[in-house]
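Have the viewer open while you read.

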Amino acid sequence: MAFLGGCQTFNTSTDGSPPVEDVTATEQAAQPEVYSSFSKETLLALLTAEMAGQRNRFDIALGNYVQQANATQDAGVAERGFRIAEYLGADQAALDTALIWAKNAPDAIDAQRAAAVQLARAGRYDESMTYMEKVLQRQGDTHFDFLALSAAETDPETRAGLLQSFDRLLNKYPANGQLIFGKALLLQEDGRSEEALELLESHPAKTDEVAPLLLQARLLQSLERGDEALPLLEKGIREHPDDKRLRLSYARALVEQGRMEDAKGEFSSLVQQFPEDDDLRFSLALVCLEAQAWQEAIVYLQELIERGSHVDAAHYNLARAYEELGDSDSALIEYGLVGPGNDYLPAQARQTELLFASDRIGEASAKLEKARGAEPDYAIQLYLIEAEALAGKQRKEQAWQLIQQGLEQFPDDLNLLYTRAMLAEDRDDLGQLETDLRFILERDPENTMALNALGYTLADRTTRYQEADELIDKAYRLSPNDPAILDSKGWINYRLGKLDEAERFLRKALEDFPDHEVAAHLGEVLWVQGKQSEARDIWASALEKQPDSEVLRSTIKRLTGAEKP
């Protein structure tokens, strides 16, 4: 760390001898020694700070600089303290020293800007705007965008006040691009995307300004006008052909518009231009997967593994590509190589599905048991993956025993209890189902899955319709658009004899979620209303999609006496 200006060194003789004493001992005793503008104590503290910095004791260096900045009010010392504090991420020290620096260097743009940014970080937006205006007056580059972004998580009142400050300055500087961009950002964060876009469109950015153009493109995409964003970005690329941000935004916009081949070309070009950027390489691999260019994707994913970048995600997506190519063995190897992280559980689930599909159930169970031992933090989810797979293969007794094993290890886990409740229903053990679901609701009274499951079961398997109605109604109030809850609402209304209401809810449920069980329910309600032809059509359509549906077949046989509609 080099010693900055603001501190002066000792005066020495030309021959290198110590400085000549030209005051008497009495005079020395009467006043402190001063070396240029600093006292001996200050200079010693600053030299100590520099030596501490050279030895990586930045805590000592910062402490000394903050202390001396306060004591001396010297702009150079304050700036040095600010730089150290900023490097260390010491927010309070950075704010304190920036304010001292700005106060004692009123004409220094960097000082005023530093104070503005630190005040914004501290949530003191009005004060920050005052300093930022000083930068603006001196024709300096401001950080109004930082002010806007830093206010993103504040309360609406604070954001409204900051917007007023922006408007006040825009009245003084109506053509200032930095202010316009900052206000547009703030409007976007406030959920006012249309206004932000209108502001940018009414004040076109200069050709050398890329950030406003990128924001305008993002706003168009957020407003589902991505087709308008593409020509805007293309124009920006013509003006700034080497700007990575523009080209990356353009490539992503192509993906959003479904133009995968074009997006692949753009990402490929970016990777060639920036070969060390593995984020770009990973994006290119994902675009290749979307474009069903499996072999190309494999090449890029293997490169990432060789480079030690995005390794787990690369293994996971390699497995996806091998699956698409029909190479299940290679896919299983890659899924097995995915380590703990975001892709671990999806990999375990897919590996289990592949093994179960090829009747290698024992192998799958052994792998999951080993995984539960190796990764205990994922044990509950791994129990659930295996139980679901076993139930899907109609091995419900094995699934039951597995969940019982899981509950011995995690007796109060709500997900395991919910799964046991669903398995209990298949075993006609409604007492266990109700016990488990009631336990969940004691712990989590607004658990919509438990409310709906218990309510539906009471409506379907008992005559406790009033209890069922109350449970389902509570679930509906909490999650009115959930198709499973809409189905339950329809079914309890059917049980209560409210056929019109039942039909309304079931039609909505089937529209949102074309499920075979919902189709069975709606068909039954239509049948008892005398709308047999429409009921048969709904059942027939559902059977085409799920010909092995037991609930559909049993409903049709019970109502019509036939195996088919």
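Let's start with helix α21. Keep in mind that this is a predicted model. On one side of α21, the exposed residues are Gly362, Glu369, Lys370, Gly373 and Ala374. The buried set on α21 is Ile361, Ala364, Ser365, Leu368, Ala371 and Arg372. Looking down the axis of α21, these buried residues fall within an arc of 125 degrees, so they line one face of the helix.

What covers that buried face? The cover for the buried residues of α21 includes α20, α22 and α23. Here are the residue ranges of those covering helices:

| Helix covering α21 | Residues |
|---|---|
| α20 | 344-357 |
| α22 | 379-392 |
| α23 | 396-409 |

As for its own geometry, α21 runs over residues 361-374, which is 14 residues. From first C-alpha to last it reaches 20 Å, close to the 20 Å expected at 1.5 Å a residue.

Now zoom out to the whole chain. Its secondary structure comes to 32 helices and two strands. How does the radius of gyration sit against that of a compact globule of 565 residues? The protein chain has 35 Å, while such a globule would be near 24 Å. Along the principal axes, the C-alpha atoms fill a box of roughly 120 × 55 × 55 Å.

On the burial side, 44% of the 565 residues count as buried. The accessible surface comes to about 29000 Å², with 47% of that belonging to carbon and sulfur atoms. And if you take contacts between residues at least 6 apart in sequence, 46% of them join residues at least 24 apart.

Methods:
Residues numbered from 1 in each chain as written. Predicted model: local features only at pLDDT ≥ 70, side-chain atom pairs only at ≥ 80, totals over all residues. Heavy atoms only, no water. Helix = DSSP H or I, 4+ residues; strand = E, 2+ residues; numbered from the N terminus. Expected span 1.5 Å × (residues − 1). Buried < 20%, exposed > 50% of the residue type's maximum accessible area, 1.4 Å probe, protein only. Arc of directions from axis to C-beta. Contact = heavy atoms within 4.5 Å. Rg over C-alpha atoms; globule rule 2.2 N^0.38 Å. Areas by Shrake-Rupley, 256 points an atom, 1.4 Å probe, with all protein chains shown as cover.
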